[in-house]
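Subject: Structure for you to look at

Hello,

Here is the structure I said I would pass on. Please open it first and then read the notes below it.

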2 protein chains.
Amino acid sequence: MTTKVLPQPDRAEIRVETVLQALGEPVRLTIVRALSDAPAGICCGDLELPVTASTRAHHLKMLREAGVISTHTDGTRRISLLRRDDLEDLYPGLLTGVLSAKQ
Amino acid sequence: MTTKVLPQPDRAEIRVETVLQALGEPVRLTIVRALSDAPAGICCGDLELPVTASTRAHHLKMLREAGVISTHTDGTRRISLLRRDDLEDLYPGLLTGVLSAKQ
């Protein structure tokens, strides 16, 4: 079974404005919180979100293209992971601060 | 001479999504970087920005209403300060991470 990583920026291409814009939306923040509790990643379809499948796909794409998450295929499934190491290296503390926010 | 603090959210009213949206824009990030180097605040007119006065005022208002900055009058001048303590208390590390981003 082949695995494919969906297009994403390299660490050096990640821009802080884009990361902040990606994080600054309630549904996307819910996704990031869920992924932060799942080091092995989450199948996109398993994310419980109050939106349609196409809206969910849109938000996941925005997070991926901003460099916040990484998504790869696993058979017919798509698994997403938080790019915690990349974000911590680029912006030490940012993700921790965001995740510590009261909901 | 009286001083007036312009309307701003209390610490408990600040929302992380709104803060992230406020920070996720290049001009506003430039303002935040400038204020982070000026603990005594900066007169809004002294900020060197590649935008018109009205656009600058709009960005300052967004930052203020999000809870990122505080603005008060000083005679005819408006002085803005970064709400570093409030942000650090609410989202420890977030501001440091954002400010550590390469420009």
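Leu23(B) touches Leu20(A), Leu29(B), Val32(B), Val68(B), Leu94(B) and Val98(B), leaving aside residues up to four places away in sequence; a contact means heavy atoms within 4.5 Å.

Some ground rules before the rest. This is a predicted model, in which local features need pLDDT of at least 70 and side-chain atom pairs count only at pLDDT 80 or more, while totals for chains, interfaces and linings use all residues. Residues are numbered from 1 along each chain as its sequence is written, chains are lettered from A and ligands numbered from 1 in the order in which they are written, and side-chain values use heavy atoms, with hydrogens and water left out.

The core

In soluble globular proteins, nonpolar side chains tend to be buried together. The largest nonpolar core here has 58 residues. Such a core is a set of buried Ala, Val, Leu, Ile, Met, Phe, Trp, Tyr and Cys residues joined through side-chain atoms within 4.5 Å. Buried means under 20% relative accessible area, exposed means over 50%, and partly exposed is in between (1.4 Å probe, protein chains only). Leu23(A), Val68(A), Tyr91(A), Leu23(B), Val68(B) and Tyr91(B) have the most contacts inside this core.

The sheets

Helices (H or I, at least four residues) and strands (E, at least two) are DSSP runs, numbered from the N terminus. Two strands pair if DSSP finds at least two bridges between them.

Chain A has an open sheet of three strands in the order 1-3-2, with antiparallel pairing. Strand 1 (42–43) and strand 2 of chain A are at the edges with a single partner strand each, so one side of each has no neighbour in the sheet. Strand 2 (residues 69–74) and strand 3 (residues 77–82) of chain A are joined by six bridges. Within this pair, Ile69(A) stands opposite Leu82(A), and His72(A) has Ile79(A) as its bridge partner. The hairpin of these two strands has two residues between the strands, and Gly75(A) takes a positive phi near 65° there. Helix 2 (residues 26–36) of chain A lies across strand 1, strand 2 and strand 3 of chain A, at about 85° to strand 3. For such angles, axes are lines fitted to C-alpha atoms, for helices over the stretch in contact, and the angles run from 0 to 180 degrees between N-to-C directions.

In chain B there is an open sheet of three strands, order 1-3-2, with antiparallel pairing. Strand 1 (42–43) and strand 2 (69–74) of chain B are its edge strands, and each pairs on one side only. Six bridges hold strand 2 of chain B to strand 3 (residues 77–82) of chain B, and Ile69(B) has Leu82(B) as its bridge partner.

The interface

How many residues of chain A are in contact with chain B? There are 20, and they are in contact with 20 residues of chain B. The area buried between the chains is about 1,500 Å², and carbon and sulfur atoms give 68% of it. Buried area is the accessible area (1.4 Å probe) that two parts lose on being put together, summed over both. In chain A, Glu17(A), Leu20(A) and Gly24(A) lose the most area to chain B, together 30% of what that side buries.

Salt bridges

A salt bridge is a side-chain nitrogen of Lys or Arg within 4 Å of a carboxyl oxygen of Asp or Glu.

Glu65(A) forms a salt bridge with Lys61(A), with the closest N and O atoms 3.2 Å apart. Both residues lie in helix 3 (residues 53–66) of chain A, four residues apart, or about one turn of the helix. Glu65(A) is partly exposed at 46%, and Lys61(A) is partly exposed at 42%.

Arg11(B) and Asp86(B) meet in a salt bridge of 2.5 Å, N to O. Arg11(B) is in the segment before helix 1 (16–23) of chain B and Asp86(B) is in helix 4 (residues 84–90) of chain B, so the pair ties together parts that are 75 residues apart in sequence. Arg11(B) is partly exposed at 33%, whereas Asp86(B) is buried at 17%.

In chain A, a network of salt bridges links Arg11(A), Arg83(A), Asp86(A) and Asp89(A).

Regards
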